[in-house]
Amino acid sequence: MAPKKSASKILSLAPVLDLNEATTLHGKLMGLRGSNIVVDASAVERVGALCIQVLMAGAKSWEEDKQSFTFSKVSDAFTKTTQLIGVNIDHLIAKEI
Amino acid sequence: MDMNEIKEIFFQECEEQLAELESGLLRLNDGDRDPETVNAVFRAVHSIKGGAGAFGLDDLVSFAHVFETTLDCVRSNKLEPTQDVLKVMLKSADVLADLTNVARDGGSVDQARSAQLIRELDALAKGEAPPQAAAVVAAPKPVAAATPAPVANDQGFMPVAFSFDDFGGEDEPLMEIPVYEITFKPKSELYSKGNEAALLLRDLSRLGEMSIHCNMDDLPPLDQMDPETAYFSWKVSIKTDKGEDAIRSVFEFAEWDCELDISSVDSGEDSGPAGDELPMQPVPFDLSALDDELEVPLGVVEEEEQIAAAETASNVVQLSAATARGADKGAAAAVAAAQNNAQQAASAAAQTIRVDLDRVDRLINLVGELVINQAMLSQSVIENDSNGVSSINMGLEELQQLTREIQDSVMAIRAQPVKPVFQRMARTVREIADITGKSVRLVTEGENTEVDKTVIDKLAEPLTHMIRNAVDHGLEMPEKRLAAGKSAEGTVKLTAKHRSGRIVIELSDDGAGINREKVRQKAIDNDLIAADANLSDEEIDNLIFHAGFSTADKVSDLSGRGVGMDVVKRSIQALGGRINISSRPGHGSVFTMSLPLTLAVLDGMVVTVAGQTLVVPLTAIVETLQPDAAAVHSFGATQRLISIRNSFCPLVDVGRILNFRATQANPVEGVALLVESEGGGQRALMVDAIQGQRQVVIKSLEANYTHVPGIAAATILGDGRVALILDVDAVVSASRGNPLHLESLAAAG
């Protein structure tokens with residue numbers, strides 16, 4: 001489902017999402033609680049399992065909050081790493097209607 | 001980093017893989033039957049194929065694919081690596097190298113040769129090996145049915161889409177590959193220690209077809225989670241013939257930081273293709289160049305067309321072994337990947353990084369300046385400190401020590417073993433042996449002798465020339481060898497060693513040796529020597545280095561050497577080296593090259609000669625002595641000898657040889673440095689005084705000024721003066737009657 005862009009906040013992910021970035025990413029997501037969120041993962045060059053955990057936990061929480069959590073753009077690196085580790089984000093990717 | 005840079009890295013890695021391939025094949029050829037050697041060879045070809053696939057280098061991929069298939073037969077003990085089999089493989093390695101070079105530099109390969117080798121490889125894989133190969137094989141038929149021989153000609157070949165694990169095809173029961181189920185639950189420590197589950201999974205996927213299921217049940221809501229705690233765990237099913245050990249080796253550095261359970265799914269079962277009945281819901285994803293995605297900047301990834309294949313939703317992970325190159329694309333990821341990749345660890349004992357040579361050069365120059373400045377500072381302090389003891393002096397000593405350590409370390413960066421060059425020579429030997437119909441064995445020794453990279457780079461050309469000559473002209477035909485009571489197989493031996501601060505490379509053969517009569521006659525015919533010239537054997541042998549021999553017609557009439565050896569000599573001299581030859585008729589020849597370790601630091605004896613300061617390499621000096629008048633004897637009109645412990649040694653006045661003075665100095669007033677030269681024998685070099693020993697930084701005279709006969713290089717002393725470093729061998733040679741200026745002309749010519 002496409003989010004209502006006007007009501008959404010955009011979270012742009014850093015190019016490198018490693019161990020060091022996990023806490024930062026967690027903090028950013030916590031700061032965005034209560035809003036629809038659009039994650040821009042287009043700049044991601046490298047992502048580790050910890051940051052994917054944080055994002056998936058975010059998606060879970062947003063779902064519980066009945067708010068929108070979508071990925072607007074994802075880099076191939078991001079897509080393929082999630083595929084590699086067996087995490088399916090297809091349902092979170094924004095699709096044009 | 002743009003695509004070209006990544007491609008360049010790929011080609012650099014290809015060079016390493018090709019070296020690994022050749023080295024492994026040669027080991028197998030020597031009787032090594034270690035499975036790891038076979039695996040290393042296989043991996044090398046597989047890595048090249050995988051990387052080439054990512055860049056769409058179809059010719060390379062196609063050939064590598066066929067090669068790899070045959071290697072897989074060896075790997076799975078279905079094909080015995082006999083000499084005949086390895087001969088084909090070594091030639092295939094050559095073609096693979098050619099294809100790689102063409103892919104990088106353009107040009108074309110010998111298609112006929114390539115096609116021929118594809119046929120030979122295919123035949124081997126089908127069990128149609130030469131009789132002696134087939135006889136040893138217990139079950140030579142497998143794999144063959146699916147061998148993609150026509151692949152090379154198949155224009156529609158899709159390089160990325162295959163893996164070595166599916167060669168067998170569905171109708172090949174003997175290719176049944178076991179399936180393992182792996183439960184992998186990382187602890188938080190795994191991440192905190194710098195490991196990365198994604199990289200481990202990636203390495204795992206290299207082992208074969210993989211399906212994966214991520215268990216996210218333990219993942220709490222965002223506000224209850226610790227972002228650095230491990231919540232995900234995985235169930236992986238992998239179809240691989242590499243065994244459980246290979247799987248465990250992926251987790252080698254992480255086994256204490258995870259829960260790991262590995263079990264074989266089809267033990268005791270003869271089930272169908274593994275992975276079909278997995279209890280998991282694998283996540284679809286693209287096969288292509290997955291490794292890159294973990295580490296390659298986005299801009300690069302976007303250029304890869306295969307990425308669109310995500311929509312193909314394959315439920316099997318197939319990873320190209322080109323993944324090895326991923327380690328270079330991100331420092332942090334590289335470290336983690338290297339730690340976790342047991343395969344890489346097996347082939348490379350130490351972690352390495354690639355550094356632009358220019359950067360190392362700059363660093364070396366700077367360290368050289370540091371050393372010189374440190375020496376100047378030390379000298380200033382010493383001159384201004386009358387007591388000779390002070391805290392400054394102590395500090396300076398420490399600085400000196402530190403500087404030396406830094407310098408040693410920096411120099412070591414550029415030093416590389418001569419192994420790659422030696423390995424290249426193996427190919428030359430093979431090719432020339434094939435052309436000439438001779439049977440030749442190349443023996444190498446001292447491959448790990450290190451020398452500066454600039455020397456290594458320039459060594460290949462003269463060495464290739466000499467090897468060609470050794471095989472073509474030096475060795476006799478098998479029947480002639482047998483008739484002479486030798487083995488039919490000739491031996492060419494290449495050795496490297498350090499001696500007197502230089503690297504000495506020796507090339508010897510057990511051929512017929514130089515036919516001196518013919519060489520002499522040729523020299524007379526070419527007006528190089530007078531018809532009545534009285535030359536020693538050594539002098540006759542050295543005639544082959546004369547340019548006249550390479551430009552004359554019918555040089556191949558010579559049974560010895562003679563083709564292009566002047567070029568070899570010039571190349572060696574351009575490197576600041578020398579080349580000598582010794583030959584025994586009927587027994588072979590030995591070429592000895594002595595090359596400097598350029599850019600190296602030299603421990604030298606600083607001496608004064610006719611008011612000039614010179615540095616004599618310490619490694620050349622045997623002892624120093626103050627000549628006693630009674631010990632000095634005249635010999636002929638100009639020669640003088642000094643008696644040392646009941647033997648006589650020629651005295652050489654360095655000042656006179658170098659034209660620093662017109663007349664010979666009085667030996668009793670000077671100091672004699674007893675030196676040992678490359679050509680053997682000792683000489684007592686007369687200098688006026690010894691200033692002391694010092695470590696000096698070599699500055700090339702050729703690069704900064706011009707070649708000076710008798711002088712090897714220059715250095716800058718602590719007081720800022722330039723001092724010349726003596727070329728001991730040249731001086732000794734000059735003392736034997738070979739004037740320095742002629743040497744100079746030869747070098748220039």
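B:N659 is found in the loop between α23 (654–657) and β18 (671–676) of chain B, where helices (H or I, at least four residues) and strands (E, at least two) are DSSP runs numbered from the N terminus. This asparagine has a positive phi of about 60° although it is not a glycine. At 60% relative accessibility, B:N659 counts as exposed; the scale used here calls a residue buried under 20% relative accessible area, exposed over 50% and partly exposed in between (1.4 Å probe, protein chains only).

A word on the model itself: it is predicted, so to speak of local features pLDDT must be at least 70, side-chain atom pairs count only at pLDDT 80 or more, and totals for chains, interfaces and linings use all residues. Residues are numbered from 1 along each chain as its sequence is written, chains are lettered from A and ligands numbered from 1 in the order in which they are written, and side-chain values use heavy atoms, with hydrogens and water left out.

With a relative accessibility of 75%, A:K66 is exposed. For background, most residues other than glycine have a negative phi.

Chain A as a whole has 3 helices and 5 strands, and from the N terminus on its elements run β-β-α-β-β-α-β-α. Of its 97 residues, 56% are buried.

Now to the rings. Over all chains, the structure holds 10 aromatic pairs. Rings of Phe, Tyr and Trp (its six-membered ring) pair if their centres lie within 6.5 Å, and planes under 30 degrees apart count as stacked, over 60 as edge-to-face and the rest as tilted.

| Pair | Centre to centre | Angle between planes | Class |
|---|---|---|---|
| B:F10 and B:F11 | 5.1 Å | 50° | tilted |
| B:F184 and B:W234 | 5.6 Å | 20° | stacked |

B:F184 is buried at 0% relative accessible area, and B:W234 is buried at 1%.

In chain A, ring pairs link A:W62, A:F69, A:F71 and A:F78 into a cluster. A:R33 lies over the face of A:W62, at 5.6 Å from the ring centre. In chain B, the charged end of B:R75 sits over the ring of B:F42, 3.8 Å from its centre. A charge sits over a ring if NZ of Lys or CZ of Arg is within 6 Å of the ring centre and within 35 degrees of the ring normal.

B:A19 has its place in helix α1 (residues 3–29) of chain B and is partly exposed, with a relative accessible area of 25%.

Finally, the cysteines. A search of the whole structure finds 0 disulfides over all chains, a disulfide being a pair of cysteine sulfur atoms within 2.5 Å. B:C14 is buried at 1% relative accessibility, and B:C258 is buried at 6%.
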